[in-house]
Each structure stands twice: as structure tokens, then as C-alpha cells.
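Here is a short report on one protein chain. Keep the structure open as you read.

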Amino acid sequence: MEKKIIAKRVHCLVLAYPLQGHINPILQFSKLLQHQGVRITMVTTRFFYKNLQNVPSSIALETISDGFDKDGPTGASSHKAYIDRSCQVGSETFVHLLHKLSASGDHVDCVIYDSFFHWALDVAKRFGIIGAVFLTQNMAVNSIYYHVHLGNLQVPLTQQEFSLPALPKLQLEDMPSFLLTYVEDPCLLDFFVDQFSNIDKADWVLCNTFYELDNEIASWIKKIWPKFRTIGPNIPSMFLDKQYIDDQDYGVAQFNYEECIEWLDDKPKGSVVYVSFGSLATLGEEQMEELAYGLRESSSYFLWVVRASEQIKLPNFFEKKSEKGLIVTWCCQLKVLAHQAIGCFVTHCGWNSTLESLCLGVPIIAIPHWSDQSTNAKLMVDVWKVGIRAVVDEKKIVRREALKHCIKEIMASEKGKVMKSNAIQWKTLAIRAVGEGGSSHENIIEFINELLHLQI
Ligand code: UDP
């Protein structure tokens, strides 16, 4: 992107939702805009603010409140309590922020907001500011929720199989989990569907994916939202096109980098299974035990991220560091996935982890838990063909034998080689999409150019 467009006057306010999987991509997108000369003010909640590190000093930071400044979302008594309060307090404090900026003569040209903060569009419109929604989830999942919003997909679901425009046939178990748990917990589905309540009024709809990966659904959705654009994958440049040497990580607290890399350094190429279930998923003790013994008994090395709050569930006396395996509480996932020793990724298929494995050419073993993860797993296995889904038993547990079978298949079979080679092809396409003239790059330039044009 050496042809920097002169967008010094454009000022975007970027409203980030306080979850790791949401902050990471929107911060990356902000950095890309900033590299093109756009001025960025990033806004997050007071609670999440302290987790932000390594945000370039050229990006200004501001906060709003979600009503839970001390404890964040865990401070709320229920999902509903958090959603209701954050919506009310969030929009009030966002209004204060816009007044403050306006009073100091700091003009805002565009509010780029996480779709979970859909109310930000109404606030932006009240101030006469352009609103660009940023979708952090996969397009298939977004389109499923949009169909629920339109009433095309009725919940509770009564069918086994679903044919939706521009998507592969989906079975019940491929659908986002909140559609399946609607009867017990309607609030979560409502929250996800509400992202689309005002999307038709958004001036831009930006999604963290790339056209080549999601071309059918992207072309279909563009007919409905003409300003829909793919602008991803939003991962640091040093793991993609290597345009910006200062863009090495997500800017969110990272730990254990050196320990992991030192341990990986003396392992043979493609010999290590990397295991992580992201920043939120919690596993039962029985599942942890099966994974632990499955990994220990497999013929591969393993590097396993078990968050501090989950470590108590590891089997008694299970070694955290041995010749065979290393367990850490967190790592720099991108640096790990980029390491030559990694052979495959056992993942919950969160959308960021999914994109990261595609961008770094690492095949996967899918163990989805909830939310969008089953749909992502379906695409990874059946459409993008870069992995296999681990079989679960009647208690929905992946047994050690099933895990060992998957590891053998990915690491040491002809099928595994094909998946690896498919993953490498996606990596090539992802790098092309963000590079000069690539699909996402062109969309970003168009977005900035229109904002510039509006100022003249
Ligand atoms: N991640 C990380 N270190 C870890 C585990 C995860 O840096 O040890 C990052 C990962 O690279 C990804 C994010 O955390 O960017 C997790 O997002 P994802 O959408 O995959 O899952 P979520 O946490 O939202 O369930």
C-alpha cells in the first residue's frame, strides 16, 4: 500500500466492543486506515481500556461506559442485564463523547462501530455523521441472523436441513447455537439478531473477510446492502503481506511469547499440534481429561492454551511442561501459528482463529462449542476443505480416541496433505486480497476516498 492517499483530514471514530475477538480485528482495520493517513480515535469501554497495549500512539483513545466500569460484562447479573444496561449507558456516554469532541472543534467524519453496538448508528445519525457498521463474524452467520431478523427463518427451528441463499446446505448442528437454544435463552439470539435491526440504514457495511473466501454470499448480500464491502482479513500485516514492519501484533495484552517460541524452536517442522479454544469457551472436566490424555497419547507434540480459570479442570498431576507437551495460560497465537513447527490447530473455530489459521496456512481439527463456531467449522471442513471435525459422543464429548484419530489423519495421511495444501492456497489468496490492487485493499481505498470526497 505504498500509494498513500491523502486523507489527513478524515477523522474516524472507531467504537470497539469489549471482547478480545472483537477488539483484535477492528483495531487492525483502524491501523490500516491510519496507514492510509486517516486519523483514528478508538473508543472502548472504561473497563476494557486497561487491556489495550501497544496501540500505536498515533491512534487516540477515548472511552465510553457500558455501565460496568469496575467488572465489565461479568459484573452483570445476566446477559440480558448487561445488554440492556450497556445499550442505555453506552448510547448516553457516546452522546457525551460526541458533544465533547464537537465542543473542542474536533470534527468526526465517520463512526465505525462494532455491530454489537448497533445503537451507535442512531447516535451517529443524530449528529449527522456517516455510520459504518463493522461485522466481526463470518458472512454466513451474519446472513443467517439477518434471515431471522427478516422473518425468513422462524425460531424455534423445526427442520433438520436449511437451504438459504448463497450458502451451502446447513444441517441443524451447523447453525449458530443461539438458534438451537432459543427456547431456554431467547435473549442471546435477540441480541445477535438485533445487530441487523437498523443495518439497512448504515452508510457502509464492512466485514472482516475477503471476497475470494466468501464470494457467493458477498455477491448475494451486496444486492441487499449495496455498500457492503469485504475488508479483511484484519490480521497484522507482518503475518500477511508484510507491508508494515511496525504491525506485529494485535495490541492486546500478550503473554508467554518467549516460552512458547523457545519450546517450539527445537521441534521438527510440522510436528506440533496447537490447541486453543479462544478467550471465552469453557470446557467440562470430563472433556478436559479426554483432551489431555488424547494429546499425551497421540504421536505428536502439543502446545495447549488453557486459560488460568480453566487450569483447575486439568487432570491431577498432568504435566504443564514436558518433552511432549507445553501448557500455557495464553500465547501470541499468530506467532505460534506462523511457527514452522506447527502442523495443525485444534480450534473452537471462533472467527478470528478460523481466519488466522487460513491466513497462516495451518489445517485444523474443529471442536466447536457455541455461537457461530459450528457454522465456521462446517465451512472450514466442507467448503474451504482445510480440516476435519472431531466426532462427539452422545454426551457431546470428543473422546481421546476420536482426537488421536483426527491428529493422525491431519498430520500423517494423504488427506491431511491435501488439507495442508488447500490451507496454503487460502493463505496465498488472503495475502493477495490485502495487497496493492487486491479485493480488500481496493474496498478500503474506495471507503476512504468517499469519506474524503464528502468533505470537499
Ligand atoms: N488468542 C491469542 N492467544 C491465545 C488464544 C487466542 O492471541 O492464547 C487470540 C486469537 O489469536 C484470536 C482471539 O484471541 O485473535 C480469539 O478470537 P476468536 O474469534 O478466535 O475466539 P473468541 O475468543 O472470540 O471465542
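## Helix H15

Helix H15 covers residues 414-434, and its 21 residues should span 30 Å at 1.5 Å a residue. The C-alpha atoms at its ends lie 31 Å apart, which agrees. The model is predicted, so side-chain atom pairs count only at pLDDT 80 or more.

Which residues of H15 are buried? They are Gly416, Met419, Ala423, Trp426, Ala430, Ala433 and Val434. These residues cover an arc of only 90° around the axis, so they sit on the same side of H15. On the other side, Glu414 and Thr428 are exposed. An α-helix has 3.6 residues a turn, so residues three or four places apart point the same way.

Tyr113 has Val133 in E5 as its bridge partner. Val111 has Gly131 in E5 as its bridge partner. Is E5 largely enclosed or left open? Of its 6 residues, 5 are buried, so E5 is largely enclosed by the rest of the structure.

## Helix H4

Helix H4 spans residues 119-126. Its buried residues are Ala120, Leu121, Val123 and Ala124. Seen down the axis of H4, they fall within an arc of 165°, so they line one face of the helix.

What do the buried residues of H4 pack against? Their partners are strand E1 (11-15), helix H3 (79-103), strand E4 (110-114) and strand E5 (130-135). After H4 comes Gly128, with a positive phi near 70°.

## The nonpolar core

The largest nonpolar core has 131 residues. Those with the most contacts inside it are Val14, Leu15, Val111, Val133, Leu303 and Ile365. Helix H5 (residues 139-150) gives the largest share of this core, 7 residues. In soluble globular proteins, nonpolar side chains tend to be buried together.

Val133 links several of the parts described above. Leaving aside neighbours within four places in sequence, Val133 is in contact with Tyr113, Ser115, Leu121, Ile199, Ala202, Val205 and Leu206. Among them, Tyr113 is also the bridge partner of Val133, and Leu121 is one of the buried residues of H4.

## The six-stranded sheet

A further open sheet has 6 strands, also with parallel pairing, in the order E12-E11-E10-E13-E14-E15. Its edge strands are E12 (325-328) and E15 (387-389), and each pairs on one side only. Neighbouring strands of this sheet are turned by 15° against each other on average, direction ignored.

At one end of the order, strand E14 (residues 364-366) pairs with E15 in the parallel sense over 3 bridges. Here Ala366 stands opposite Arg389 in E15. Helix H13 (residues 373-383) packs on the sheet and touches both E14 and E15. The direction of H13 makes about 130° with that of E15.

How values were computed
Residues numbered from 1 in each chain as written. Pairing = 2+ DSSP bridges. Helix = DSSP H or I, 4+ residues; strand = E, 2+ residues; numbered from the N terminus. Axes fitted to C-alpha atoms, helices over the stretch in contact; angles between N-to-C directions. Contact = placed C-beta atoms within 7 Å. Core = buried A, V, L, I, M, F, W, Y, C linked by C-beta atoms within 7 Å. Buried ≥ 20, exposed ≤ 12 C-beta atoms within 10 Å, placed from the backbone. Arc of directions from axis to C-beta. Expected span 1.5 Å × (residues − 1).
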